[in-house]
Amino acid sequence: MLSTEPGTVQLEEGIVSFLRGLNRRMVAAAGAACALLVAAVIVPMAADARTAHRVGSGRPSSNPGWVATWAASPLSGDTTSFSNQTVRNIIYASVSGSEARIRLSNTFGTQAVTIGATSVSEVLDGAQLLPGSSHSVTFDGQASVTIPVGQTVLSDPVKMHVSGLTELAVDLYLPDPTGPASYHALAWQTNYVAAGNHAGDPDGDPFTTKVGSWYYVDGIDVLNSSTPGTIVAFGDSITDVGHTEVDAEARWPNYLSRRLDAAFGNNAPAVVDEGISGNRVLNDTAGEGQSALKRFERDALSQPGVKDVILLEGINDIGHTDPSVTAAQIEAGYLQLISMAHGAGVKIFAGTLTPFLGSGCVYGSNYGTVAGEAERESVNNWIRTSHAFDGVVDFDKVTADPADPEYFNPPYNATGGASCTVADSLHPNDLGSEAMADAIPLSWFEH
């Protein structure tokens, strides 16, 4: 498993089998008081593309033709530091494009980070790249860029053909000690680290270390005038990874991408996954991200070409007891997110909260309790009947056991952990994620 010793980047060869059976206990943290009065998130802005926060807002009226083909929410809390190493981040592009640009994040770093070289390539197998597919990436014409603390950088456009529904490798050479890295904790993807500068090296042999997180890469945009826009899947672990097969691209947003491609071809919208495992609507959680209210502008509304958001979040607000919150407070948080989306000219759809009875033996606190179930049902009733969202997909009914709808349908239920050998009872497996994607009305995206 991933070492927790500071300064190390080590993942044992058993990472895939470990992650496949992982039941990640939600980390309790002292959250801020329930944030129904939420201060505006202050994001430092800079004057040029080397230090700007997502250059161009990415709203539908700007940067025509650019969409986000992949993205992942940045997190703090990792102790990993790199020095004279290359990280090979493996990502899954949702749509194609004739140009690409890379977004790198030092949002939660403690010091400025220098990227000595960056490349984007198509993956052949594992850490191996498709020969001849590597493209060097520049920032204001320079191979190297330094990212200040709390900032992101956007690369120059790279003229290359990006294939949709294809794995790409984003290589980052980190020549100097980085300090604790900004990362996305649960990639549910095997990524790789090599000693020295191997950015764009098609040979996978130097990449001897495997890691289960994405480091510094925040997103990939592509230029595609046929693609109508970007859909942001925004939520918690059920959106982030579920408990699907590692390296299988089997999260429900991945299934939605493939379904849209089958239905609309080159006119399919892009889909990006901005889920964070353990995330909550109202409160920050140590190691599991800022609240949805704090990160919504950065992670959803600032995505290039964003037109639609699918929100599935709130189960962790119910499950955590630090502090306990009410259904009415969660619903008030939803109203704030709706107001933010509509103010940006973006539609926001909601998924009902999926079943979670039986999950208490893994996750403790208020997960799977009678009181928690009553709150979940209250929130779901509000989602279904308030007409506050632009549309609702009933993930609850899709994933529920027909014989006992307070529980996950067994074929869709992820496997259990050490304390729950039968089922996880909180997360979908591959079949459950596919069923969730299949339930989403494609008519929502016929712009």
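**Entry 1: a strand pair.** I began with Ala-350, which stands opposite Val-392 in E21. I kept in mind that this is a predicted model. Next I looked up how E21 pairs with strand E20 (residues 347-351): the two run in the parallel sense, over two bridges. Then I widened the view to the open sheet, where five strands with parallel pairing follow the order E18-E17-E19-E20-E21. At its edges I found strand E18 (270-275) and strand E21 (392-393), each of which pairs on one side only.

**Entry 2: the cores.** I asked which residues touch the most other members of the largest nonpolar core. Among its 60 residues they are Leu-256, Phe-296, Val-309, Tyr-334, Ile-348, Phe-389 and Ile-440. Helix H6 (residues 327-343) gives this core its largest share, six residues.

**Entry 3: helix H10.** Which residues of helix H10 (residues 430-438) are buried? I noted Gly-432, Ser-433, Ala-435, Met-436 and Ala-437. Their cover includes helix H2 (237-240), helix H3 (252-264), strand E19 (306-312) and helix H9 (395-399). I also checked the N-terminal end of H10, which Asn-429 caps: a side-chain oxygen lies 3.1 Å from the backbone nitrogen of Leu-431.

**Entry 4: salt bridges.** My search of the whole structure gave 15 salt bridges. I went to Asp-218 and Arg-103, whose side chains meet in one of them at 3.7 Å, N to O. Asp-218 sits in strand E16 (residues 217-223) and Arg-103 in strand E3, so this pair ties together parts that are 115 residues apart in sequence. Are the two partners buried or exposed? Asp-218 counts as buried at 1% relative accessibility, and Arg-103 is buried as well, at 2%.

Entry 5: I then followed Asp-396, whose side chain meets that of Arg-376 in a salt bridge (3.0 Å, N to O). Asp-396 is in helix H9 and Arg-376 in helix H8 (residues 370-385), so the bridge ties together parts 20 residues apart in sequence. Asp-396 is buried, with a relative accessible area of 10%, and Arg-376 counts as buried at 2%. Asp-396 also forms a salt bridge with Arg-384, with the closest N and O atoms 2.9 Å apart. Arg-384 lies in helix H8 too, so here the parts tied together are twelve residues apart in sequence. Arg-384 is partly exposed, with a relative accessible area of 31%. Stepping back, I saw a network of salt bridges that links Glu-373, Arg-376, Arg-384, Asp-394 and Asp-396.

**Entry 6: Glu-99.** My last stop was Glu-99, in strand E3 (residues 97-105). I noted 14% relative accessible area for Glu-99; the cut-off for buried is under 20%, so Glu-99 is buried. Its side chain makes a polar contact with the side chain of Lys-159 (3.3 Å). Glu-99 also touches other residues beyond four places away in sequence, including Trp-66, Pro-157, Met-160, Asp-221 and Leu-223.

Key:
Residues are numbered from 1 along each chain as its sequence is written. This is a predicted model: local features need pLDDT of at least 70, side-chain atom pairs count only at pLDDT 80 or more; totals for chains, interfaces and linings use all residues. Side-chain values use heavy atoms; hydrogens and water are left out. Helices (H or I, at least four residues) and strands (E, at least two) are DSSP runs, numbered from the N terminus. Buried means under 20% relative accessible area, exposed over 50%, partly exposed in between (1.4 Å probe, protein chains only). A polar contact is a pair of N or O atoms within 3.5 Å; within protein, one must be able to donate a hydrogen and the other to accept it, and residues adjacent in sequence count only if both atoms are side-chain atoms. Contact means heavy atoms within 4.5 Å. A nonpolar core is a set of buried Ala, Val, Leu, Ile, Met, Phe, Trp, Tyr and Cys residues joined through side-chain atoms within 4.5 Å. Two strands pair if DSSP finds at least two bridges between them. A salt bridge is a side-chain nitrogen of Lys or Arg within 4 Å of a carboxyl oxygen of Asp or Glu.
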